[in-house]
Amino acid sequence: MLKMWFRKSVRWVGALASVAAATYLIFVSGLFIGLQPFGQGVLDEIAWPLREVKRSVIGRDPLLPTRQYKVATRDELLFDEAVGPLFEGPRLARPNLLSVLPRDVSPKNSAAPLDEVFLESNRGRLGGSLQSYTVRRLDNAYLHIFDFGWTRVHFLAKRAEIRNCASLIVPGSGTDLASQILLGEGYHGDLFAQVPCTTLVYVKPNHDTRQIVYKDHRVNFDYLYTSLIGINSIYSYWYIEELIETALYLKTVSDAVLVVGLSQGGGAAMIVGAVANLAVTAVLSGYYVPDGGQFGNFHQILIPSMTSFLQPEEIGKYFRQGQLILTYGKQDLPVYRLAETQDEACSRLMAAEARVTCVFHDSGHTYPNNLRPLLQRALDQYRAEKR
């Protein structure tokens with residue numbers, strides 16, 4: 001009887017000890033994993049038995065890696081882009097981005113016709129007088145700066161002077177593409193060499209020579225886009241306004257102005273050529289009929305009423321004088337590659353009496369090999385009609 005009682009007591013004591021040990025281990029482990037470093041003081045007081053057992057088994061190495069806590073500051077979150085080699089833009093003394101951004105650069109009436117959408121902004125009417133024009137020598141290029149008061153527009157070129165006619169190249173999506181285009185690098189390939197006349201490559205805000213920098217870091221692009229919206233401005237509308245403003249000025253000092261763009265740059269070029277009524281507009285894999293909705297994200301062209309004013313019947317009537325060239329690749333991105341998309345865009349533009357030439361090539365998201373003669377032929381035709 002005594003033996004039986006003793007055995008039961010040992011079993012109960014063992015069970016209780018196991019429960020207590022398990023509870024202790026779970027509690028201490030929870031503190032160690034979940035509360036470090038805040039629970040470190042508690043651990044130092046109550047975890048010495050566990051620490052002694054651990055040392056006797058695996059030595060003094062940590063049981064789990066020490067967790068490092070680093071809280072990013074606002075500046076580290078908002079100014080986190082690497083600075084490119086062609087930095088010529090503003091270096092902020094304080095992280096006040098709004099001090100260098102234009103306000104009210106957005107459509108005054110987005111339901112108006114295409115030209116009014118872009119010529120009449122909340123900031124005022126486009127087409128003001130040029131305040132200053134300067135050319136600066138860089139290492140392997142010239143920087144042309146057009147100061148219109150409300151904004152200072154940058155272009156990269158290989159010449160310091162503009163002769164007879166001028167061509168504007170609008171970069172597509174990507175970072176610091178103007179300098180790449182000038183050097184014949186990146187997905188734009190040798191586009192610069194394909195364009196006739198004095199060629200100016202547009203520099204978008206916060207790219208290349210226009211980087212906005214604070215403490216050796218460029219402003220985060222999403223922060224830039226949303227900050228502009230907060231002051232009633234739109235990034236893509238801002239840069240298209242700059243291109244239209246520059247094109248309108250160049251028309252007063254040149255016998256012809258061309259605009260050429262690939263991908264997103266093609267979409268922007270189409271708007272610029274339409275509103276500024278330019279001699280030649282070349283849209284390289286950059287236009288589709290947005291009947292089913294608008295493809296894109298923050299880094300694409302986002303402007304109210306785009307679906308309306310990009311309809312062929314609306315934008316096509318602005319190309320009844322200048323030459324419009326559309327090119328598509330048979331291996332292009334899906335939104336441009338579909339034959340029905342290409343055919344519909346061309347046929348509906350023609351029905352709107354646009355002077356459009358559609359070219360289909362065997363390559364991908366690029367331009368045909370005969371682009372330069374295409375552009376030269378369109379330019380020659382424009383000049384012949386002006387005589």
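User: Hi! Is this an experimental structure or a predicted one, and where does strand β5 sit, buried or exposed?

Analyst: Hello! This is a predicted model.

User: Nice. How does β4 pair with β5?

Analyst: Strand β4, residues 142-147, runs antiparallel to β5, with 6 bridges joining the two. As one example, Ile 145 has His 154 in β5 as its bridge partner.

User: What about β5 and β7?

Analyst: Those two strands are antiparallel as well, joined by 3 bridges, and β7 spans residues 198-203. Leu 156 is bridged to Val 201 in β7.

User: Let's stay with β7. Is Thr 198 buried or exposed?

Analyst: Thr 198, which lies in β7, has a relative accessible area of 1%. The cut-off for buried is under 20%, so Thr 198 counts as buried.

User: What does the side chain of Thr 198 have a polar atom close to, at 3.1 Å?

Analyst: A polar atom of that side chain lies 3.1 Å from the backbone nitrogen of Arg 163. Arg 163 is also among the contacts of Thr 198 beyond four places in sequence, a list including Arg 159, Glu 161, Ile 162 and Cys 165.

User: Switching topic: which residues have the most contacts inside the largest nonpolar core?

Analyst: That core has 75 residues, and the ones with the most contacts inside it are Phe 118, Ile 240, Tyr 287 and Leu 326. Helix α9, residues 235-250, gives the most to this core, with 9 residues.

User: What does Phe 118 touch?

Analyst: Leaving out residues up to four places away in sequence, Phe 118 touches Leu 126, Tyr 237, Ile 240, Glu 241, Ile 244, Ile 271, Val 275, Ile 303 and Phe 309.

User: And which residues does the second core include?

Analyst: The second core is separate and has 32 residues, among them Phe 192, Val 203, Val 260 and Ala 378.

User: Last one: where is Leu 228, and what is it in contact with?

Analyst: Leu 228 is in helix α8, residues 221-230, and counts as buried because its relative accessibility is 0%. Beyond its neighbours within four places in sequence, Leu 228 contacts Leu 101, Pro 102, Ser 233, Tyr 235 and Trp 238. The C-alpha atoms of Leu 228 and Asp 104 are 8.8 Å apart, although 124 residues separate the two along the chain.

Conventions. Residues numbered from 1 in each chain as written. Predicted model: local features only at pLDDT ≥ 70, side-chain atom pairs only at ≥ 80, totals over all residues. Heavy atoms only, no water. Helix = DSSP H or I, 4+ residues; strand = E, 2+ residues; numbered from the N terminus. Buried < 20%, exposed > 50% of the residue type's maximum accessible area, 1.4 Å probe, protein only. Contact = heavy atoms within 4.5 Å. Pairing = 2+ DSSP bridges. Polar contact = N/O pair within 3.5 Å; in protein donor to acceptor, adjacent residues only side chain to side chain. Core = buried A, V, L, I, M, F, W, Y, C linked by side-chain atoms within 4.5 Å.
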